[in-house]
Amino acid sequence: MASCLIEAPGDSPSLNVKEQKNRDDKLITPEVGETESYNARPSAPNLSVTFEEYTFYAQLTRAEERRAASKMPEALPIWALSQLGYVPRSTLYVLFGALAGYTGHQIWTLFFHLDSHRHPIQSYGDLAYRIYGGWARHVANVLQSFQLFFSVGLLTLAQGQGISQLSTGSVCFAVCNLIFTIAGCIVGQIRTLQKFKWLATLSIWLNIAIMAITMAGAASYPPNYSTALAQNQVKAGPIVTSVGTPADGTLSTRIVGLMQGIYSYGGAMLYCEFMAEMKRPWDFWKAFFCAQTLIVSLYVFYGLFVYSYQGQFAVLVSNQGISLKVLQTATNAMSVASSLILACLYGNVGIKVLYMNIGEELLGLPNLHTTTRGKQLFAVLVPVYWTLAFVICSAIPNITNFSALIASACVTQFTYTFPPILMLGFAAQKDAYLPGESFDPTTGRTVRHDNGMKRWVRGLKQHIIMNLFNTFILIGAVFLCGLGIVASIILLVETFESNPKITSFTCFDQAILFVRPTMSWSPESLPDLMGRVYLVTGGNAGIGFQTVLGLARQNAKVYIGAGSEEKGAIAIEAVRAEKGDAKVELVEMDMMDLKTVVRAAEEIIRREKLLHGLVNNAGIMATPYEESSDAGYEAQFQTNYLSHWLLTSHLLPLLIETSRPSPVGTVRIVNVSSDGHLIFGEPSGIDFNDINQTRTGKGGPWSRCGSSKLANILHAKELDRQYGGSERGCIWTASLHPGTVDTKLSAGATGSSFSQTIWPILKFFGAYSKVDTAAYTSIYAVASDEFTQNLSGEYLQPVTKLGKASKQANDPKLAKDLWSWTLAEMSALGFAPVGLQEQIGERKD
C-alpha cells in the first residue's frame, strides 16, 4: 500500500503509515490471536449504539439486505415497469446495480485503508469524519437518521393502506395509519437489537411468502381493476405491456419510477456496519456479491413476471393488486406484520443515532444503555418518534412520490453521491503525501510541507483519470438527485391539486397511494366543428400540423399557413390521407417577409366571411443571429412575435365580426409560446431601445428566443384586455407552452449538434412529449367548450392546465408598452392596418 497520512481536522489520525501497513498485512494474513483481538475491538466512547449492537445489527441487516433491506422495494420494480417499460426499466435496474457495485467497492476500499483496532470504523459517519472532519460525520449521521425516520413513515403509510383493505374500507384511512403507529409504539419498546433476531427471521420468510402468493395470484386471476383505477386512474380494459417507455407517461412519472427502483440499492448506508463485524476483508464481498445478485435477479424476475400478467394495472404495493380477496387479505396481513418488524428496527436505530448526535454530544444526556434515566428516555422517545412519523405520513398521504423524494434526497446520496466524494478526498490526502511529512501519535504533532488548494491539486493529479471518472459519477449522482427531488415535488403538487379527496389526515383510502397525472383532455371530446373556420400558422409540420389534423377531424375548415406551396401541398395530402373529406386549404406566408404576412391576411378576408380561430403557432428556436431583409428585425423576434402581431391585427375585424352573432367565447386567438421565456428571457423583460439585443454583453440565441416567447404571452394578455370579455363581440385569447416536444424545431438551433447527441438519452427517459399530444393544449384553447372565459388571457401548460408565467409576462404595463411600440413600428413601416382603432372599434381603457 502507498504511504499516506489521513487526518480529520481537529483530531488525531487513526494510525501512522507503519502501523497502517502492519494492520493491512495482518488482515490479509492474520497472526495467531490477532484476528480475535481485532474483532473484539471496543466501540468509540461516545456511541449510544454499542459495538455488540452494531455487530448484531450488521448481521441482521445483512440478511435484510438480501431482500433489499425493505418491505417496499419488492413492489417497486413492477410499478416502475409500468412507467418505463420492459427494456428501459430492466436495463436501468441492472445498470444502477452495477454502479452500486462500483460505489460499494469504493466504500470497501476506504474502510480497509482507514479502519484500525484503535480507531474502528463503525458507521458511514465515521468514514466521513476520518476524511473530511466532524461536519461531514454530522451530515452523514443526520441524513441517515432522516432516511430511517421517513422509512418508518412510509411503511406506516403503505401498511395503513393494507389495514384499510383488510377492513374493506370501513375504517378511516388516517385511523388505519394510527393503528399501525400504536402497534409500532408498543413493539418499538424493544430496546436491544438482539431481541429482534427471531422477529427479523420471521419478517424475511413472510416477505418470501408474500412474493410467492403475489406471483401466483397475478398469474391465476385478473388484475385488481378497482385498485388500479383508484390509485393510477387506469380504466379497465385489455392488459397492455410496453417494450419501451409507455406513451401515456410523463418525464416526471418516469423519473419517479426510476427513483423507486433505487430503493433496492439503499443498503450502502450500512456497509460500514457490515464490514465492522466481519473477520476477513473478503467476507464483505461474498455477502455483497450474493446480495446484489439476488436483488437484481430476483427483483427483475419478480417485476417482469407480475408486470407481464398485470401490465398497466400494476400498483405500487404489488400484493394489493391481487383481485382474489382471500389472497389479498392474507398477503396484507403478512405484509403488515413484516413491515411492523422492519419499521421498529428502523426506528430503534434511528432513535439511537439521533440521540447519539444530539442528545449525548450536544445536550449531555445520559447513555441509553448504562443508565436508568437513559432507558427511561428511550421509552419516552419511541412514541414521540412514531407520532412524528405518523404526522408526516398522514400530512403527505402520497406514498409513491413521497418515497421517491426520500430516495432522491437520502438513498441516492449514500449509494451514489457520497462514495465518490469520499474517494476523492481520500485520494487527494493520500497522494499529496511528501517525503519528510509525519505524525507523532504521542504528541499529536503533524508535520506537513504545505496546505490548502495546492495540496489538493497535487493529490488529485496523481491518478487523474480515475479521479475524473469519480468526479463524473459524482456529478451524475447529484444531477439524478436533483431530477428526482424536482419530479417528486411536481407530482406531489399535481396529485393534491388534481384530487380534492386527497387531503392531510384524509379518510379517503384507495387513491391515496398514487394519482398519476394523466391526459385529462383529448381532441375526441371536441364538439362537431362543422361550419367553423380556423387558421394555423406553421400548420404544415410539427405541432402545427397536429393542430390542423385535430381540428379537421372534427369537421372544421382549416387554413394551413405555410412558407411555400410545396410544403403546404404535402401537409394537405397528409391530412386528407387521414380524413378523406377534410376541408383544408393553403395560404402562403413567409414569417421573415412582412409583406407576405399582410397578403395572407388579405387572402383569408377575401375568401372567408367568418373566422372562428387563429393559432399563431409558427416559430424558430435559438437560431444564429440574422435580420429580416425587409424590416431589419432579428429573425426570432420577427418570426415568433412581430409577424403574428401583424397577422392578428389585420384579421381582427373579421374575428370580431364573426364573434358578434356567435355564442360567447366561440372566437379565439391562441399564441404558442414556451417555458423558455422563464429560463432564457432577459430579467428586465423587453428592451425597446435594443429590440435585436445587439449591445455588448447582451443577448444570444437563447436569450433572443426567450424574449420573443415572452412577447407572445404579453400579446395574448393585451388582446384579452382590449377585446376579451363575457359579451358578444368579444374574443378570448390564450398563450401556452406545448411541452418539450420531439420535432425538427431544434435542428437549426445553436448547439443543435449537442442536442442531437443527447436526444437518444432524453428520448430513452421519455423526456420528449409526442407531437400529437403536444398539440392538445392548442386545440383545447382554440376550440374546446371546456375552455371558459376565466381562462382567457392566461398562460397554459400541458395538458390544458393553467400554467405559471414569469413576473414580466404578468406585467400589464409591459404588455401595453409592447403593443404601443409594435403598433408604432408597424405603422412607420406601412404594414399596420390603416386606422387600426377605427376599423376594429373603440379599444378598452
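What pLDDT does the protein average, and what share of the residues score at least 70? The structure is a predicted model, with an average pLDDT of 78 and 76% of the residues scoring at least 70. Of the 845 residues, 58% count as buried. The secondary structure comprises 29 helices and 10 strands.

**Confidence**

- Residues 510-519 have a pLDDT that stays under 50, and the model gives this stretch 53 contacts beyond four places in sequence.
- Residues 837-845 also have a pLDDT below 50; for this stretch the model has 23 contacts beyond near neighbours in sequence.
- Where pLDDT is low, predicted coordinates should not be read in detail.

**Overall fold and surface**

- Taking contacts between residues at least 6 apart in sequence, 80% join residues at least 24 apart.
- The protein exposes about 33600 Å², and carbon and sulfur atoms supply 62% of that area.
- Leu 178, Ile 182 and Ile 186 make a nonpolar surface patch of about 280 Å².
- Ile 186, one of the residues in this patch, is found in helix α8, which covers residues 173-187.
- Ile 186 has a relative accessibility of 60% and therefore counts as exposed.

**Cysteines**

- Searching the whole structure for disulfides finds zero.
- The cut-off for a disulfide is a pair of cysteine sulfur atoms within 2.5 Å.
- Cys 344 is in no disulfide either, since its nearest cysteine sulfur, in Cys 185, lies 8.7 Å away and the cut-off is 2.5 Å.
- Cys 176 is buried, at 0% relative accessibility.
- Cys 344 is buried as well, with a relative accessible area of 1%.

**Salt bridges**

- Side chains of opposite charge can pair when their charged atoms come close.
- The count of salt bridges in the model comes to 13.
- Asp 593 and Lys 595 are joined by one of them, with an N to O distance of 3.5 Å. Lys 595 is partly exposed, at 41% relative accessibility.
- Glu 603 and Arg 607 form another salt bridge, in which the closest N and O atoms are 2.8 Å apart.
- How far apart are Glu 603 and Arg 607 in helix α21? They are four residues apart in this helix, which runs over residues 594-607, so about one helical turn separates them.
- Both ends of this pair are partly exposed: Glu 603 has a relative accessible area of 23%, and Arg 607 has one of 33%.
- Arg 660 and Glu 657 also form a salt bridge, with 3.2 Å between the closest N and O atoms.
- Arg 660 is partly exposed at 46% relative accessibility, and Glu 657 is partly exposed at 43%.
- Elsewhere, salt bridges that share partners join Lys 557, Glu 585, Glu 603, Arg 606, Arg 607 and Glu 608 into one network.

How values were computed. Residues numbered from 1 in each chain as written. Heavy atoms only, no water. Buried < 20%, exposed > 50% of the residue type's maximum accessible area, 1.4 Å probe, protein only. Patch = residues over 30% accessible without salt bridge, like charges linked within 9 Å, V, L, I, M, F, W, Y side chains within 5 Å. Areas by Shrake-Rupley, 256 points an atom, 1.4 Å probe, with all protein chains shown as cover. Salt bridge = Lys/Arg side-chain N within 4 Å of Asp/Glu carboxyl O. Helix = DSSP H or I, 4+ residues; strand = E, 2+ residues; numbered from the N terminus. pLDDT = per-residue confidence, 0-100. Contact = heavy atoms within 4.5 Å.
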